[in-house]
Amino acid sequence: MQKSSEEFVNAIENKLNGKIQIQIGTLGKAAITANNGIHRDLIKVMLEVDDQTSIVAITGLDLGTNLGVYYHFRSQSGYYTIKAEVPKDNPHIQTITDLIPGALFAEMEGNDLFGIVFDGHPSPGRLVLSENWPEGVYPLRKDVIANQVKLVPPKNVAAEPDDNKTVKIIIGPQHPALIEPEKFSVSVEGEIVTKVEPRLGYVHRGVEKAAELRTYIQDVYLVERVCGICNGPHAWSFSGAVEKILNVTVPRRAQFIRVITLELNRIHSHLLVLGHAGLEIGYETLFQYFWRDREPIMDLIELTCGNRVYESMISMGGVRRDLKETDSPKIKAVLEDLRKKIPFYKQLYENEPTIKARMKDVGVLKREDAISLGVVGPVARASGYAVDVRKDEPYEVYGEIPFKEIIYTEGDTWARMNVRMDEVEESINIIEYALDNMPKGPIRVDIPREILAGEAVNACEAPRGELFYYVKSNGTDMPDRVKVRTPTFANLPSFFKTAIGGSIADVPANFVSLDPCFSCTDR
Amino acid sequence: MVDTKTWARVKSPWVIHFNSGACNGCDIEIVALFTPKYDVERFGVKLEPSPRHADILLVSGCVTQQCSERLKRVYDQMPEPKFVVAVGACACSGGIFEGNYNVLGGADKVVPVAAYIPGCPPRPEAMIDGLVKLLNTLNPPPKGAKKQIKGASAGVTEEKPVAKE
């Protein structure tokens, strides 16, 4: 049963009275301060109170003598943050991966970038930093001038010899199926996958550190460039977090324009991956068809934002460009054309033997696994786990726009693709509603250059799922900390679960059904 | 014979795409090149998965520490003559990520670059234009024309191609 946030907080307070401090209304619905050790009890209680609680992100923070470890959670009643601190000279904290398996990568990242040691972590090691990065230097700590760090020659690690039964197949970093460079060693026994070991970090550019060294206005453009495909949601999430710190409300017309921009972004991203999935199952015609239909949407993005890929439309306080009166019919005409084409693709997915053979029952993710791994977006919704930030925590004007939350229960590759196809249709409805109901008025409010000290979390439904930002300001014109938790970072652990036990030939189709984006994952 | 080889190279260059740390912006535009609207296959440009079959290496994105070695390896695996095209502001100079701790800089820090296509990301038309300019440098100059400027480039042909925009 769904509980309100007051009930949720009260239930926790009753069980752990005296051990924790609760601040209502900061960093989501509430921020709860807990010491090392108590944080595990707290998480157990949270899971008892609401079994749909799952981890969103773990933010490391440099607080001077201490390191902050902030655990961000999402439950049915909203976002909660657990604040813990560890001393810098002995940064040990107990792992939570046994309680919540989805925290695996988040803890590895905290170790990499802040040197926080999570005692009991099942696979400690590098996640994003390169092999030639020196041990014991943590780039996101404030005392490290990261671009002056002396690199060391990488250690030569002898490859483990294959035993008689298993063969290791290396996919990447340069591989025709991957647009982005990442490495996966897939162990197979015959045709069956037994183990998948990832090596991420090929696209790690250090965006979070760079954001601390640039002003807020520059940061909007920087965080857009975390990911070229879903750049709009990145700009929105960062701007929205700053607006939350300042308690600014964006003009209504700007909110509608933001919704239109975000939904156009979703349509182009979904069509992109639907086409890409065709390529991965050896159905190139489907790829060419989807990308042909995607081009008019790119033209619409260019019409409204002025650029094909990077929109640079959303900024702090509003949007940068207004929609012209004459744009509305043009947008509607293109969307109407697209809407007419969707039934064709739907019947292809229903009837085409190639698609059914390669996608049905491939990479099945069960609902309970989806919850414990903290999966988001279309991947979660294809497994029957209803999580959509637009519905759960409506931002901008999503609360008043009628649209369906697309849920499938099969949990396989086929369902994940169908979720996206149906969402394209819903996005068309949302844009049409927004165009019809958009009021006249100003499109932005002024935001000061220097942002008052404060912190905020903000989440948005990007095409790949929930995109989460944590921004901490310190009164200057540069942020103190910007944390980005991208949807692929949350979805990736599910691939390692679903690939094992399946055929090696199913790996590409299963993998692309997550819509993986490594520039997001590595940042 | 040389003329025939050059003719074949100009009429059907095979390209390989390597992302050395890009944000996907350039990459989706490179893929868009091979889809119906831009369709560079009509110029004989073919996207080739293996470096061993490719003539042109399209590099997108700034070069990250971990990718630099791999980029060099992909380049070394290509047969001569080979050309590198840096696609996008990041591959040209490091772009917005210039100076970050995990970023080496542009593609020319690791491999010799023959053509730079700026933009964030460059439009597909700009990429086609860059490719055409690069291929034009392969053709022997018309009689009486000035000799081409030498510069950072790859390839064993007599005239070293430079097509800097």
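This is a predicted model: local features need pLDDT of at least 70, side-chain atom pairs count only at pLDDT 80 or more; totals for chains, interfaces and linings use all residues.
How far apart are the end C-alpha atoms of helix H5 of chain B? Residues are numbered from 1 along each chain as its sequence is written, and chains are lettered from A and ligands numbered from 1 in the order in which they are written.

**View 1. Helix H5 (residues 124–138) of chain B.** The end C-alpha atoms are 22 Å apart, which agrees with the 21 Å that 15 residues should span at 1.5 Å a residue (1.5 Å times one less than the number of residues). Helices (H or I, at least four residues) and strands (E, at least two) are DSSP runs, numbered from the N terminus.

**View 2. The two sides of H5(B).** Buried residues (20 or more other C-beta atoms within 10 Å of their own, C-beta atoms being placed from the backbone) include Met127(B), Leu131(B) and Leu134(B). The buried residues of H5(B) fall within an arc of 155 degrees, so they line one face of the helix (the arc is that of the directions from the helix axis to the C-beta atoms). The face turned away from the buried side carries Glu125(B) and Asn136(B), which are exposed (12 or fewer such atoms).

**View 3. The side of chain A that touches chain B.** The contact (C-beta atoms, placed from the backbone, within 7 Å) takes 38 residues from chain A and 32 residues from chain B. H8(A) gives the most to the chain A side, with four residues.

Definitions and conventions. Two residues are in contact if their C-beta atoms, placed from the backbone, lie within 7 Å.
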